[in-house]
Structures are given as C-alpha cells and as structure tokens.
Amino acid sequence: MANETGDREAQIQRALGKSWFYPLTLPDGRALPSSHAGRVDAIHLTRARMLAAFVDSEFAGARSALSAIDIACHQGYFSLQLARAGFGRVGAIDARAEHVADAALLGAIFATPALQARQRDVFALRPDADGSHDLVLMFGLLYHLENPVGALRVARSLARKACVIETQVVPHMSGMVDWGSYEYVRPLKGCFGIIDEIDETHAPEASVTGVCLAPSTEGLLWLLRAVGFRDAYVLPVPADGYEQLRHGKRVMVAALV
C-alpha cells in the first residue's frame, strides 16, 4: 500500500511538472499546468460536451462491455473521458511517443485501467491487429493529414457502431466539372483545402508530414458515406460553444455503421 501511494504521488508530481494542452484537474482538485494559459480551453470543453451528449444518446446504459478507440489521442483527454464514461476498453492511439506517455500517465493517475495507450500510426491500424470498436474517435486529426480519405477508410474498418470526427473545414465548392470533355460533366461533391505545415512538423499539435488537406463539410459527409458508413451528420453545437464550431469553421460529425 505504501508503494502504491508513493507511485501515485510520483505520477502526480510528473503531471504537475509538465504542461498540458487540455483543461485537466487532478482528483484532489489541483489544476494541471496549461501550455497556453487556458486560451484554447473553450474548444476542448465544447468538444467534451458534444461527445458526452452523443455517447449518452447512442450508448445509453451500461458500457462496460463496449470498447472505443481514440485515434490521434494527443495527451489522452478524450480517451480519459470515454474511460470515465464507462467504456470497458479504450485504446488511446497516437503517432508521437510523448503523447502516448502522457495518455498513459493520465490513465494511471485517474485509476482507469480501461485506458490503454499505444504508439501507432493511423495508417497502420487494422481490425485484425487492433480490433473493431463500438466507437471510433478522431478529433483534430483529419485536417493534419495528406491522405484524409485513407484515414476515413481506416476509421470505417475499425468501427462496429459509430465514429465521431472533429475537424477544421474549408469553404465548400459546388457545380459541374468537365470530365474529359465539355460533353461529359460530373457534379463536384466537395473539396479540400491545401494547408502548409511543412515548417511546423516539430510542433506537437501539427502534421507529422507537413502537407495537410482540410475537407469541406459537404465533402466530408459525402466521403463518410462513400467509404461505407450508412449515414453521417453534423452534431449540434451548444449555444455557448466554441465560436469556430458554432459558425461551421470546424465541425463534429457522427458517422453510423
């Protein structure tokens, strides 16, 4: 018991000794240090409220037999939310080793054995090796990728019931496009904006390759159905939610199997 107490205090001191991108409060009420003095807390709090509402609606009742996977979990904030919401297994997956360590640290401090952190690239995930899950989470990842369609296919392959994606979006384009000839045209279903993060790959919140394709909302909804989800829709945003989500510059989308 003494060793367990000592280990827990050491874990807490580790957490207090570093900066966190999310608004986190220890079980004893102490706030963990913010890497941005709380300037972007509103987006995380809005995401958390929207996720909680979706989980309550789609996964009502006991959840101990359910599993979830949080792809690009960053420091594990939303993985922890799902574990504390009662999911029996929560895979916290990230490409960066430091994020995996942070997510594992949160799981230990909050005594949530359901949370299992692993370092994996999104494009290496496979249902035969990584399981299929009732809920797949993909927050803040899609618009940092150069192959977002491939990531959506991975999400569909892992999802048993639902996937929730949160992403920055770009203005939509529509109309007809000449497709080989003016006599043969096709409708434009959506678009991507190319964003340059080539000089920012060292940043923990940036792309690992530097080439980013951000979708339009309409394009994202079409793609989710195209990769095999039976339906997809934009989740409602609280009236006092983060301004980008309220004004449609970011969206949280639910895709159902």
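Residues are numbered from 1 along each chain as its sequence is written, and side-chain values use heavy atoms, with hydrogens and water left out. As the model is predicted, local features need pLDDT of at least 70 and side-chain atom pairs count only at pLDDT 80 or more, while totals for chains, interfaces and linings use all residues.

Seven strands form an open sheet with mixed pairing, in the order β3-β2-β1-β4-β5-β11-β10. Here helices (H or I, at least four residues) and strands (E, at least two) are DSSP runs, numbered from the N terminus, and two strands pair if DSSP finds at least two bridges between them. The edges are β3 (115-119) and β10 (231-234), each of which pairs on one side only. On average, neighbouring strands of this sheet are turned by 15° against each other, direction ignored; axes are lines fitted to C-alpha atoms, for helices over the stretch in contact, and angles run from 0 to 180 degrees between N-to-C directions.

Two strand pairs show both directions of pairing. β1 and β2 run parallel and are joined by 5 bridges, with I69 opposite G91 in β2. By contrast, β10 and β11 (residues 250-256) run antiparallel and are joined by 4 bridges; in this pair A232 stands opposite A255 in β11. Strand β2 is mostly covered, since 5 of its 6 residues are buried. Buried means under 20% relative accessible area, exposed over 50%, and partly exposed in between (1.4 Å probe, protein chains only).

Helices lie across the strands. Helix α4 (residues 97-109) lies across β2 and β3 and runs at about 170° to β3. Helix α6 (residues 148-158) lies across β1, β4 (133-139) and β5 (159-168), at about 150° to β5. For helix α7, the buried residues are T217, G219, L220, L221, L223 and L224. Their cover includes α6, β5, β8 (192-196), β9 (211-215), β10 and β11, where contact means heavy atoms within 4.5 Å. In general, an α-helix has 3.6 residues a turn, so residues three or four places apart point the same way. Just after α7, G228 takes a positive phi of about 125°.

L245 lies in helix α8 (residues 243-246) and is buried, with a relative accessible area of 4%. Leaving out residues up to four places away in sequence, L245 touches T46, M50, E166, V237, R250, V251 and M252. The C-alpha atoms of L245 and Q11, 234 residues apart along the chain, are separated by 34 Å.

Two alanines have positive phi values. A37, in the loop between α1 (2-16) and α2, has a phi near 55° and is exposed, with a relative accessible area of 66%. A111 lies in the loop between α4 and β3; its phi is near 50°, and A111 is exposed as well, with a relative accessible area of 54%.

The pockets complete the picture. On a 1 Å grid over the protein atoms alone, a pocket is an open set of points with protein on both sides within 12 Å along at least five of seven lines, whereas a cavity is a set where a 1.4 Å probe fits but cannot get out; lining residues have an atom within 4 Å of a point. Grid points are joined across faces, edges and corners, and a volume is the space filled by probe spheres set on the points.

The largest pocket has a volume of about 720 Å³. Of its 37 lining residues, F139, G140, L141, H144 and E205 lie nearest the centre. At least two residues of this lining come from each of α2 (41-58), β1 (67-71) and β2 (89-94), and α2 gives the most, with 3. The lining has 20 nonpolar, 8 polar and 9 charged residues; Ala, Val, Leu, Ile, Met, Phe, Trp, Tyr, Cys and Pro count as nonpolar, Asp, Glu, Lys and Arg as charged, and the others, Gly among them, as polar.

The second largest pocket holds about 250 Å³ of space. It is lined by 15 residues, with P187, L188, K189, G190 and W222 closest to its centre. β6 (176-181), β7 (184-187) and α7 (217-226) each supply at least two lining residues, and the largest share, 4 residues, comes from α7. By class, this lining divides into 10 nonpolar, 3 polar and 2 charged residues.
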